[in-house]
Amino acid sequence: MTADIRGKVAIVGVGHSDQGTFPGTTAEQLSIQAIRSALGDAQITKDDVDGLITCKSVQGGNIDITVGPLFGLSPKYAQTLDYGTCNYSLHLAVQAILTGLAETVVLVYGANARSGKFNFSAAAPSLESASGFVHVAGPAALALQRHKALYGTKEEDFGWFAVSEREWAQRNPLAIFQKPMTIDDYLAKPYLVEPLRREDVTMISDGGVALVVTSAERAKDYPNKPVYVLGMAENTEVAGDSFADFLMRPNIKGTAADIWKNTGFTPNDIDVLYIQNPTAVWNLQMVEAYGFAPEGEGAAWAAEGHIRPGGDLPLNTNGGQLSESYMWGWLHMVEAVRQLRGTVEPERQVPNAELALYASTMTFLKSAASIIGVNP
Amino acid sequence: MSSTNPNLPDTQAPATAPFWEAAKRHVLVAQRCDECGYTRYPPSALCPKCWSADQSWAEIAPTGTLWSYVVYHRALDPSKADEIPYVVGRVVTDDGPIFTVRLDIAPEDAEVDMRVTATWDDASDEVTLVRFAAA
């Protein structure tokens, strides 16, 4: 049983840098661009901030003491999370605010993995890497292949996760991949790691994203409609890969059970859904684990159109990591906040969106969820 | 079956040297806890079940079940470009340890939950890589 945190903390500012390829710009510089944008959105200055939570970049930079000197201010509270996915960062900010360690916290992520040419296939030589088992597409494709074998999952259904994200991306000026893609286009693409195609795997891009979070009491003084944190949950498998079904990530089911129990909400209450997704397998696993689709039927459910523009459960309306940008899920949260405020471009605004779930994972080792909404 | 395989592991590293020495003899081994008997791979300094630091390398069954498999169509590791496409499988051996390694099984013949047995790729004078083929 967790303490009742419902409606006590709110997101009052969101911002980001441009997304793309920015050679010569460090993760820390991109973080400051994002912070400037988020503070502008909240209409405050850095002097109003007393907490800073940075998320380490994929290359290892962007920690609090390397962002700090560019931030140019020493808030009383500063922390770094190894793998924020925005969820863990938000959860830490809620804890800091509710315990009085800080009142107004900036959360930030910055990375230049693209222009830095980060090698996602690099691994210390091991039996597995020498066997050619490299890149996140490998374990993700293993999980999908088993899902296909167990449940008869079809690629023409599974492809709808990538196709739907592209449809949303075409409505998002920030999205990097906007070229139209039909399910037939998808199926005609070559495999990367079969059964996964390139279109099922995140792009690599540079950028920064930031949020401003404060107590519900203070949130009333901000110009934007506050978006309240209504529930949060986490679960882990940090003991690692020691059982057969590890790649199916059963820990996500624990996070799902907790977030529904902690908040009293059910999947039917959610208006817009966000899933951090280095590969589309994450979408598949999480729509099932959170109960939006029956176990084994996530792909067939996606193919029914629920998650597309105009569907009854829009998923990753920003275009996700498959089509918008590679920000470890941070832009998913920004998009969720803007959807709930009702301020995105009209062509992708979900009417009357009041409640959003954001689900993310740290590879196969951790899972986290937040429910945010406009009513405290 | 052999291959030219750059980026091969260091077979002399103390933590894994016994594994590679046995592989050279085409014998599959894993660490076994002297205290509680738990069999583990990859090796670790302590038994994750009982925290005993006493362990031995023990021969394990070279047979298992194919949990899943994939086909690499792109050289995500450029040093494997001339081996594309290749098949990698996650094998749960009958004694418990899990290996994700190359399969000597054509993609059209691979099936989830099929029985498999170890084969050996003498990749270099120093390194032999375990693979799995249909049992």
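User: Which residues is A:Asn318 in contact with, leaving aside its neighbours within four places in sequence?

Analyst: Two residues are in contact if their C-beta atoms, placed from the backbone, lie within 7 Å. By that rule A:Asn318 touches A:Trp168, A:Asn172, A:Ala175, A:Glu324, A:Leu331, A:His332 and A:Glu335. This is a predicted model, where local features need pLDDT of at least 70, side-chain atom pairs count only at pLDDT 80 or more, and totals for chains, interfaces and linings use all residues. Residues are numbered from 1 along each chain as its sequence is written, and chains are lettered from A and ligands numbered from 1 in the order in which they are written.

User: Does A:Asn318 count as buried or exposed?

Analyst: A residue is buried if 20 or more other C-beta atoms lie within 10 Å of its own, exposed if 12 or fewer, and partly exposed in between. A:Asn318 counts as buried because it has 27 C-beta neighbours inside 10 Å. Of the 376 residues of chain A, 58% are buried.

User: Where in chain A is A:Asn318 found?

Analyst: Helices (H or I, at least four residues) and strands (E, at least two) are DSSP runs, numbered from the N terminus. A:Asn318 lies in the loop between helix 12 (298-303) and helix 13 (320-324) of chain A.

User: What is the bridge partner of A:Val193 in strand 4 of chain B?

Analyst: Two strands pair if DSSP finds at least two bridges between them. Strand 5 (residues 191-194) of chain A and strand 4 of chain B run antiparallel, joined by two bridges. The partner of A:Val193 is B:Tyr72.
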